[in-house]
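Hello,

I am passing a structure on to you, along with a few notes on what turned up in it. Have a look at it first, and then read on.

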Amino acid sequence: ALVGASGAGKSTLASLLCRFERPDEGTITLGDRSLSELTGRSIREHITLLPQQPVIKTGTVADNIAYGCPDADRASIIAAAIAADADSFISALPAGYDAPLAEDGLTLSGGQRQRIAMARAFLRNTPILILDEPTSGLDDATTQRILEPLQRLAAGRSTLLITHDGRVTEIADEVLELHEGRIRPHMNFVA
């Protein structure tokens, strides 16, 4: 987990890792290769980013879960939704997985949007996962509900969890702090 004050550069670090931005100096490596040597496509094939505000596109629930995996079959989409604890609310929608969603998922709660984004990440199954403030704007009950799926999602992956929420750091093996441009171990993180 990476913590730090607002404006410390935590989300910028995520952007650099995804190569949305390039470093002014220095090198970022993935394994033993510089990110600058890799194609954008190669990076996208290995990294899944769950941003603070989950991206929901106009289309069905199934289309949104399969975003990035257009050839996914229905069984795989449902399995990903179950893993993300999203199947029950999706199944309760009038058209279930075929329910239409508006741009930005305005008909869904924040927790529902986050669980659809997590289902997308389960389906993509990349070895690297970046979670950028996954509980931002969620109430306590919703945060508690998504902690277990987040932990399942992070299992077996190299995961960078960017958060201000001390409850979420419980799933991390190590907590680091970004402070004055430096990353250091953080011993006493309090939400």
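A residue counts as buried here when its relative accessible area is under 20%. Please keep in mind that this is a predicted model.

Let me begin with the cysteines. Cys69 has a relative accessible area of 18%, so it falls on the buried side of that cut-off. Cys18 is buried too, with a relative accessible area of 11%. How many disulfides are there? The count comes to 0. For a disulfide, the two cysteine sulfur atoms would have to lie within 2.5 Å. The cysteine sulfur nearest to that of Cys18 belongs to Cys69, and it is 16 Å away. Looking from the other end, Cys69 is in no disulfide either, and its nearest cysteine sulfur is that of Cys18.

Next comes Ile65, which sits in helix H3, spanning residues 61-65. Ile65 is buried, at 0% relative accessibility. Leaving aside residues up to four places away in sequence, Ile65 touches Ile77, Ala80, Ala81, Ile90, Tyr97, Ile116, Ala119, Arg120 and Leu123. One of these partners, Tyr97, is 32 residues from Ile65 along the chain, and their C-alpha atoms are separated by 9.3 Å.

Finally, there is Thr143 in helix H7, which covers residues 140-154. Is Thr143 buried or exposed? Thr143 is buried, because its relative accessible area is 0%. Beyond residues up to four places away in sequence, its contacts are Thr135, Leu138, Asp165 and Arg167.

Enjoy exploring it!

Best wishes

Definitions and conventions:
Residues numbered from 1 in each chain as written. Predicted model: local features only at pLDDT ≥ 70, side-chain atom pairs only at ≥ 80, totals over all residues. Heavy atoms only, no water. Helix = DSSP H or I, 4+ residues; strand = E, 2+ residues; numbered from the N terminus. Buried < 20%, exposed > 50% of the residue type's maximum accessible area, 1.4 Å probe, protein only. Contact = heavy atoms within 4.5 Å.
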